[in-house]
Amino acid sequence: MTDLVVVGTGLFGLTVAERMAEQGRKVLMIDRRDHLGGNAYSETDPATGIEVHRYGAHLFHTSNERVWEYVNRFTAFTSYVHRVYTTHRGEVFPMPINLGTINQFFRSAHGPDAARALVREQAAELEGRRPANLDEQGVSLIGRPLYEAFIQGYTAKQWQTDPRELPASIISRLPVRYTYDNRYFNDTHEGLPTGGYTAWLERMADHPNIEVRLSTDFFDDAQPVNKKAVVGQVPVVYTGPVDRYFDDAEGSLSWRTLDFEREVLPVGDFQGTPVMNYADTEVPYTRILEFRHFHPEREYTSDKTVIVREYSRFAERGDEPYYPVNTPADRERLKRYRELMAGERDVHFGGRLGTYQYLDMHMAIGSALSMVDNQLTS
Ligand code: FAD
Ligand code: NA
């Protein structure tokens, strides 16, 4: 007897399953992929032994004490602190844009107030006119020189679209730090799972009340746990794409996807840092990840390294959905899907695909804990 079916074994589904199993419910989890863990999944690169995050670099960070306490039940975390650099016209700058970036770029030695005044003056170029597109929005936020160097080309590559053709609403703020602090995240807690992501994710599902069936698609009527057979019979937590659940009845929601190109190089260290962005459009990829640097505490081989070049574009049918595009049309569709969701009795939609929302890992876990409290056990 199954008390709950969970569709999707990402962090949202795993958190719901673990909490419900711990309260004595029998949980059946399915995933269409051949591994559990959703996009946080990682694997050991066979040629180098280096842990690679298959669906893009995943850095854990949170200021939510409940989530931090919860995740520490399944894994310890290293003291990794995330930092990002960017290459622009043959020169490397620290990111996000901070006092170090500004002074290097303008060949200056400004203090915080002088730098703030400079950026404010450069950002006044539009003279109060409302930005008509993403290009103007960028200029109005940080001024033309910094925008053109660090944001324009990168954004064009992220969307494979000229920023003059993109809506201003894609960027609402461009944080500039008027200190030399280039720590990427501001959260209280940060780190990478000491034994790797997959050990953490598998530990969450390692419970006598949880059964996991992989390579099992919820919309495949040929397998026993499918939508037609289950909905209305057993409560369901669904973390797949919401439009797919309703057969695209209100149209498809748009996503940005990524393409990853993995390469093993015969050098001990390729770039000296985990993430190097490439700001210019002459370089076709947006960034290079070098995975050995996520775990400086590990004794990885010193004669090989594994790098991943990341490319970005609008998703087409069949591509992995990564980031919601969130156009006005998407928001309209989402509103109609929310009405359909409310009408599905005993089906609970969650996670980044089920709610069409970008969620960091700690947000997915936090919202799953809330769903357990407010919808599944109250
Ligand atoms: P997912 O992990 O996507 O899990 C959903 C699961 O549902 C998948 O396994 C999928 O196969 C399954 N599924 C879908 N449809 C079906 C179906 N029909 N039948 C059966 N199963 C189905 N977060 C951070 O905190 N830090 C980061 O640095 C970070 N970096 C990221 C980088 C990228 C490129 C992306 C895309 C995300 C990143 N995230 C990061 C976010 C993180 O991946 C999410 O928070 C997390 O994946 C959310 O978990 P989820 O369970 O909602 O979704
Ligand atoms: Na519902």
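How many residues surround ligand 1, and which are the closest?

**Entry 1: the ligand.** I am working from a predicted model. I counted the shell around ligand 1 and got 32 residues. The closest are Asp 31, His 58, Leu 59, Leu 359 and Met 361. I then sorted the shell by class: 17 residues are nonpolar, 9 are polar and 6 are charged.

Next I looked up polar contacts. His 58 puts a polar side-chain atom 2.7 Å from an oxygen atom of ligand 1. Leu 59 uses its backbone: an N or O atom there sits 2.7 Å from a nitrogen atom of the ligand. Ala 57 also takes part through the backbone, with a polar atom 3.1 Å from a ligand nitrogen. I checked how covered the ligand is. Taken alone, ligand 1 exposes 1,000 Å², and the protein buries 97% of that.

I asked which elements supply the shell. Those giving two or more residues are α1 (11-22), α11 (351-354) and α12 (361-376). The largest share, 3 residues, comes from α11.

**Entry 2: domains.** Domain 1 is made of three segments, 4-81, 189-254 and 319-376. Domain 2 covers 94-170, and domain 3 covers 255-314.

**Entry 3: helix α5.** Is α5 mostly buried or exposed? I find 7 of its 9 residues (134-142) buried, so the helix is largely enclosed by the rest of the structure. The buried ones are Leu 134, Asp 135, Glu 136, Gln 137, Gly 138, Val 139 and Ile 142. I note that Asp 135 and Glu 136 are on that list. The buried residues pack against α4 (112-123) and α6 (144-159).

I also looked at both ends of α5. At the start, a side-chain oxygen of Asn 133 reaches to within 3.0 Å of the backbone nitrogen of Asp 135. After the helix comes Gly 143, with a positive phi near 85 degrees.

**Entry 4: Thr 75.** I located Thr 75 in the loop between α2 (65-71) and β6 (84-88). Is Thr 75 buried or exposed? Its relative accessible area is 10%, under the 20% cut-off, so I log Thr 75 as buried. I then looked up its contacts, leaving aside neighbours within four places in sequence. Thr 75 touches Pro 193, Thr 194, Gly 195 and Trp 200.

Notes
Residues numbered from 1 in each chain as written. Chains lettered and ligands numbered in written order. Predicted model: local features only at pLDDT ≥ 70, side-chain atom pairs only at ≥ 80, totals over all residues. Heavy atoms only, no water. Helix = DSSP H or I, 4+ residues; strand = E, 2+ residues; numbered from the N terminus. Buried < 20%, exposed > 50% of the residue type's maximum accessible area, 1.4 Å probe, protein only. Contact = heavy atoms within 4.5 Å. Near = heavy atom within 4 Å. Polar contact = N/O pair within 3.5 Å; in protein donor to acceptor, adjacent residues only side chain to side chain. Areas by Shrake-Rupley, 256 points an atom, 1.4 Å probe, with all protein chains shown as cover. Nonpolar A, V, L, I, M, F, W, Y, C, P; charged D, E, K, R; others polar. Domains from an automatic or database assignment.
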